[in-house]
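This report describes one protein chain for a reader who is new to structural terms. Please look at the sequence and the structure first, then read on.

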Amino acid sequence: MSEQIRDKNLKTLERRFPGIRKIIEDQREKLLEKEAIQILEETAFTGEQILIAKTAKQDQKEGQRLYLAGRRNPSAHPVNQISVLGKIVPNAPIFILGIGNIHYLEELIKATDESVIILIYEPLFSVFDKQLDRIDFEEVFGRRTVAFVIEGINRDGFEGVAATMLAGDKIPLMKYFVLPNYVELCKERVNWFLNTLLQKISNYYISIGTKMFFSSYQAENFYHNVSYIRTGYKAFQLFRTIPDDIPAFIVSAGPSLNKNIKELKKAVNKAFLIAVDTAVKPLLKEGIVPDMFATLDGIKPLEVVDTEMAKTIPLLTKVTAARKVMDFHTGKKFFYDEGYTYVRKLFQMNGKTLEGFPTGGSVATQAFSLACHLGFKKIIFVGQDLAYTDNRSHADGTFQEVMPEENTEKFIRVPGNYEETVPTLENLDGYRKWFGEYIAWWQKGHHTEFINATEGGAKIEGTILMTLAEVIDQECTREVDIKACIDSLEPVFNEQEQEKISAYLQDTPNQIHAIVSLAKEGRKLYGQLDKLCKKGNPDKRAYVKILKRVKRNRKKIEENPNFELLSESMTRAEQIIRSGQYLRQNTIEDGGIELARQGKKYMELLEEYAQIIEGFTRETVGKTELSAGKAGLITE
């Protein structure tokens, strides 16, 4: 009988996890021998068969006998444990360490909605192997989504499955528990399980904290910088202004730049040199003035470019870039479409458009993507390490005169350009993959050659590896006055168009005040909804009428050109909406009360935040000079 159950269970697992049966059968004997744990059966007081784990005899001492379920009533502890977890809402992710006697899974399935996703990590193959002969997995699982991770079989997949289960802001909904006696049986594996989940939780709340920390910078930078668009330039004005039959160099500040920075002098006026902001000082120190530099970070320290020569170098930038860097820079600023309705309106009111392109999230990917869209046939990476070459994060002269070595023992390792593997961080590896994917996509429709002249660092797929000296000797063959090409460009808007933009900018505080008023109105509407639903058995016509008014209110708010930016910055409000999206309500009253709770809180935060930004805009764009002949803000 046990053989039939085992065969059926293996078939069930194979259907859910293709390929797992062969791994189990191939690894079984080795894993059982390695664990040296006997899994025995005993009859509980209720008459059920329960499992006992007996450890091997050590140093003349008898091995331990540890019960994997209560001897009196095996179901009692699971029921109690699950009740302690508190309310388990639909779609919640549940992590269980140990199969035990399956009672925990059985009771959890009884107590929760079918949408709850369960992952069981069994750190003892011996227990899993025993249960293959005892219980019908298909009967226990039913239609549930249950993932099995078994030590020695597929533990490598734990983090990926966990990440999928926790996607979509489900971390606040998650529950987890460890079955009895597993700590005594395999403490290290229990610690690994808990530490892995703890890291996921920590990363989530760090990211929220980071977003909340940076979000205010985004809005403040935007309204401080947006007036620069009035007298600025479009990135796509460079198209055909700079000849595309010369190479483009994307110069980053990776540590390997120390090795070949002097070579770049030979490329000046024979290539388009676009540097990332952190590479500016090292280049200028060597007497190399890039044709353009790029910046995008909202809190980039001014120190990275704080040198007189950098002030007038053409700048590729975003409206949300660090305002200190934007104010320091006095040369031509080149913008591209970031997707903001407010900015698009500045162009639309003058019958113009602002083009955009994928930017990849880093200053180097931003500069690289521009080079692609400007039509260059040869694009060369320099200093694009994407790794800690020689255990350093950046080239000398970026953040410190001589960058220190760092401990990279715990870093991930990826394929290198000149070494088998190099140490790096997850975010840098993400950019490395982005480059590779972008290159593969770009080459499907364009004849562009990508050369990596970074003499160190991580390998970027799709690039040809060459030394910088070889590239310059081969590709930099004709002189071009790049400065003269860029100097020939005129601002996007003429004086009359700048005047229209000035008036629009000056009206911004009034636009945002309209959001404040609508948020107050929305809060009152949600209050009416709450009051109606708490009476019990609400009038459906009144209920629908309030919802229609709520919808109109939200529509007016969302149509305001400033709402998009405020919404992006309001991480706390976003969390209110997203953390409630998985809750199900059984009645109209319950649903209305929950909707009102979320809505009132959202409107309170929107009103509060909009008032803060309104005040900020009165000191920035609200003071925009109406005379087109005077660019910038009124100063007092």
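## A residue in the interior

Leucine 108 has its place in helix α4 (residues 103-111). Helices here are DSSP runs of H or I with at least four residues, strands are DSSP runs of E with at least two, and both are numbered from the N terminus. Leucine 108 counts as buried because its relative accessibility is 0%. Buried means under 20% relative accessible area, exposed means over 50%, and partly exposed lies in between, with a 1.4 Å probe and protein chains only. From leucine 108 to glycine 456 there are 348 residues in sequence and 53 Å in space, C-alpha to C-alpha.

The model is predicted: local features need pLDDT of at least 70 and side-chain atom pairs count only at pLDDT 80 or more, while totals for chains, interfaces and linings use all residues. Residues are numbered from 1 along each chain as its sequence is written, and side-chain values use heavy atoms, with hydrogens and water left out.

## The chain as a whole

The protein chain contains 24 helices and 18 strands. Taken along the principal axes, its C-alpha atoms fill a box of roughly 90 × 70 × 40 Å. The chain has 636 residues, and 51% of them count as buried.

Another pair of residues gives a sense of distance. Glutamate 3 belongs to helix α1 (residues 2-16), and it is exposed because its relative accessible area is 67%. Between glutamate 3 and lysine 524 the separation is 521 residues in sequence and 66 Å in space, C-alpha to C-alpha.

## One face of a helix

Which residues of helix α7 (residues 158-165) are buried? They are Phe158, Ala162 and Met165. Seen down the axis of α7, the buried residues fall within an arc of 60°, so they line one face of the helix. The arc is that of the directions from the helix axis to the C-beta atoms. An α-helix has 3.6 residues a turn, so residues three or four places apart point the same way.

## Salt bridges

A salt bridge is a side-chain nitrogen of Lys or Arg within 4 Å of a carboxyl oxygen of Asp or Glu. The structure holds 39 salt bridges. One of them joins the side chains of glutamate 401 and lysine 285, at 2.4 Å from N to O. This pair links distant parts of the chain, 116 residues apart. Glutamate 401 sits in the loop between β14 (378-382) and β15 (412-415), and lysine 285 sits in helix α12 (residues 280-285). Glutamate 401 counts as exposed because its relative accessibility is 52%, and lysine 285 counts as exposed because its value is 59%.

Aspartate 429 and arginine 432 also form a salt bridge, with their closest N and O atoms 2.7 Å apart. Both residues lie in helix α16 (residues 426-443), three residues apart, which is about one turn of the helix. Aspartate 429 and arginine 432 are both buried. In a further salt bridge, the side chains of lysine 300 and aspartate 297 meet at 3.1 Å, N to O. Is lysine 300 buried or exposed? Lysine 300 counts as buried because its relative accessibility is 12%, whereas aspartate 297 is partly exposed, with a relative accessible area of 32%. Salt bridges also link Arg6, Arg28, Glu29, Asp129 and Asp133 in a network.

## Positive phi values

Two residues other than glycine have a positive phi. For arginine 240, phi is near 70°. Arginine 240 is found in the loop between β8 (233-234) and β9 (248-251), and it counts as exposed because its relative accessibility is 66%.

For asparagine 269, which is not a glycine, phi is positive at about 65°. Asparagine 269 is in the loop between α11 (257-260) and β10 (272-276). It counts as partly exposed because its relative accessibility is 29%.

## A patch of positive charge

Lys545, Lys548, Arg549, Arg552 and Lys556 form a patch of positive charge on the surface. Patches are made of residues with over 30% relative accessible area and no salt bridge; like charges are joined within 9 Å, and nonpolar side chains (Val, Leu, Ile, Met, Phe, Trp, Tyr) within 5 Å. Lys and Arg count as positive and Asp and Glu as negative, while His and the chain ends are not counted. The place of a charge is taken as NZ of Lys, CZ of Arg, CG of Asp or CD of Glu. Accessible areas come from the Shrake-Rupley method with a 1.4 Å probe, and for residues only the protein chains shown count as cover.

Arginine 549, one of the patch residues, lies in helix α21 (residues 540-559). Arginine 549 counts as partly exposed because its relative accessibility is 34%.
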